[in-house]
Amino acid sequence: ALLIQAPMQRNEHRALEIIKLGVDPNGRDQAGIPVLNWAVMMCQPPVVKALIDANADLKFERAPGMTILTEAGACPEAGKVLRAAGAR
């Protein structure tokens, strides 16, 4: 829950600290949205990178065709990090 709240509150530093503690990088909010998606939606490329380094799932689609790269459309820096990690 803490890892979900940090990106939602745009607290990049806190999110990075929580990731370093070893929490599940595939945690989800109550609606089932993964923390990686929140980091992308809030345009936090360092958090996206840290989650990828912690083995976050890059294949989740919130809806058919809505990939993590689709969500990164409004945050080109996050999109670059995702593409480099192999997201499609």
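Residues are classed here by relative accessible area, with buried meaning under 20%, exposed over 50% and partly exposed in between (1.4 Å probe, protein chains only). The model is predicted, so that local features need pLDDT of at least 70 and side-chain atom pairs count only at pLDDT 80 or more, while totals for chains, interfaces and linings use all residues. Residues are numbered from 1 along each chain as its sequence is written, and side-chain values use heavy atoms, with hydrogens and water left out.

By the above classes, Gly-86 counts as partly exposed because its relative accessibility is 45%. Gly-86 is placed in the segment after helix H6 (76-84); helices are DSSP runs (H or I, at least four residues), numbered from the N terminus. Between Gly-86 and Gln-44 there are 42 residues in sequence and 18 Å in space, C-alpha to C-alpha.

Helix H2 has a buried set consisting of Ala-15, Ile-18 and Ile-19. These residues lie on the same side of H2 because they cover an arc of only 100° around the axis, the arc being that of the directions from the helix axis to the C-beta atoms. The cover over the buried residues of H2 includes helix H1 (2-8) and helix H4 (45-53). His-13 and Lys-20, on the other side of H2, are exposed. Just after H2, a positive phi of about 95° is found at Gly-22.

The loop between helix H2 (12-20) and helix H3 (35-41) holds Asp-29. Asp-29 is buried yet has no salt bridge, and the nearest side chain of opposite charge, Arg-62, is 7.3 Å away. A salt bridge requires a side-chain nitrogen of Lys or Arg within 4 Å of a carboxyl oxygen of Asp or Glu; for charge, Lys and Arg count as positive and Asp and Glu as negative, whereas His and the chain ends are not counted. The side chain of Asp-29 does make a polar contact with the side chain of Trp-38, at 2.9 Å. A polar contact is a pair of N or O atoms within 3.5 Å; within protein, one must be able to donate a hydrogen and the other to accept it, and residues adjacent in sequence count only if both atoms are side-chain atoms. A polar atom of the Asp-29 side chain also lies 2.8 Å from the backbone nitrogen of Ile-33.

Helix H3 contains Asn-37, which counts as buried at 2% relative accessibility. Neighbours within four places in sequence aside, Asn-37 is in contact (heavy atoms within 4.5 Å) with Phe-60, Arg-62, Ile-68 and Glu-71.

Note on methods: Helix = DSSP H or I, 4+ residues; strand = E, 2+ residues; numbered from the N terminus.
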